[in-house]
Amino acid sequence: MVKNEVIAGNYKGCSVKIKDGVAVIGESGFLGRTFRTINKNSVVEYEVITEESRKSAKSAVGRALVGDILLGGVGLLAGLSAKSKGTYTIAIQFRQNDKALIEVDDKIYKAIIKECF
């Protein structure tokens, strides 16, 4: 089941929900406070993390390990992916330098795409 929450970043553990037709990040619970609206005014960029980008990340990690062995001092990249059909993992960079990695369902995903277009 999709959690509809922030899984990493500035608002980790907060819920992601629809409020007045717009996706928002807020505290968990029925009367939770809204921290951040997800729309084109608040988002600098976003990326939907797919199986393909996860595979590219794994390939990059493999190359980094080889480079590390040969040259030293290379950081590792964590591979992320959407877990199943109807579940979306999205990395968001907000205008105030906040970052969030969220996991959402179809309804919230569509609201984000619509508002960030």
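Biologist: Which residues does Asn4 touch, not counting residues up to four places away in sequence?

Modeller: This is a predicted model, in which local features need pLDDT of at least 70, side-chain atom pairs count only at pLDDT 80 or more, and totals for chains, interfaces and linings use all residues. Residues are numbered from 1 along each chain as its sequence is written, and side-chain values use heavy atoms, with hydrogens and water left out. Contact means heavy atoms within 4.5 Å. With residues up to four places away in sequence left out, Asn4 touches Ser15, Val16, Glu103, Val104, Asp105 and Ile108.

Biologist: Where does Asn4 lie, and is Asn4 buried or exposed?

Modeller: Asn4 belongs to the segment before β1 (5-9); strands (E, at least two residues) and helices (H or I, at least four) are DSSP runs, numbered from the N terminus. Buried means under 20% relative accessible area, exposed over 50%, and partly exposed in between (1.4 Å probe, protein chains only). Because its relative accessibility is 15%, Asn4 counts as buried.

Biologist: Which backbone nitrogen does the side chain of Asn4 reach?

Modeller: A polar contact is a pair of N or O atoms within 3.5 Å; within protein, one must be able to donate a hydrogen and the other to accept it, and residues adjacent in sequence count only if both atoms are side-chain atoms. At 2.8 Å, the side chain of Asn4 reaches the backbone nitrogen of Asp105.

Biologist: What is the phi of Asn97, and is Asn97 buried or exposed?

Modeller: Most residues other than glycine have a negative phi. Asn97, in the loop between β6 and β7, is not a glycine, yet has a positive phi of about 70°. Since its relative accessibility is 63%, Asn97 counts as exposed.

Biologist: How far apart in space are Thr89 and Asn4, C-alpha to C-alpha?

Modeller: Thr89 is in strand β6 and, because its relative accessibility is 3%, counts as buried. Thr89 and Asn4 are 85 residues apart in sequence; C-alpha to C-alpha, the distance in space is 9.7 Å.

Biologist: What is the relative accessible area of Ile102?

Modeller: Ile102 sits in strand β7. Among the residues that Ile102 touches, not counting those up to four places away in sequence, are Val6, Val16, Thr89 and Ile112. Ile102 is buried, its relative accessible area being 0%.

Biologist: Which side chains meet in a salt bridge?

Modeller: A salt bridge is a side-chain nitrogen of Lys or Arg within 4 Å of a carboxyl oxygen of Asp or Glu, and the structure holds 1. The N to O distance is 2.6 Å, and the side chains are those of Asp98 and Arg36. This pair links distant parts of the chain, 62 residues apart: the loop between β6 (87-94) and β7 (99-105) holds Asp98, and strand β4 (residues 34-37) holds Arg36. Buried residues form both ends, namely Asp98 and Arg36.

Biologist: How many disulfides are there?

Modeller: A disulfide is a pair of cysteine sulfur atoms within 2.5 Å. Cys14 counts as buried because its relative accessibility is 13%, and Cys116 counts as buried because its relative accessibility is 16%. By the distance rule, the count of disulfides is 0.
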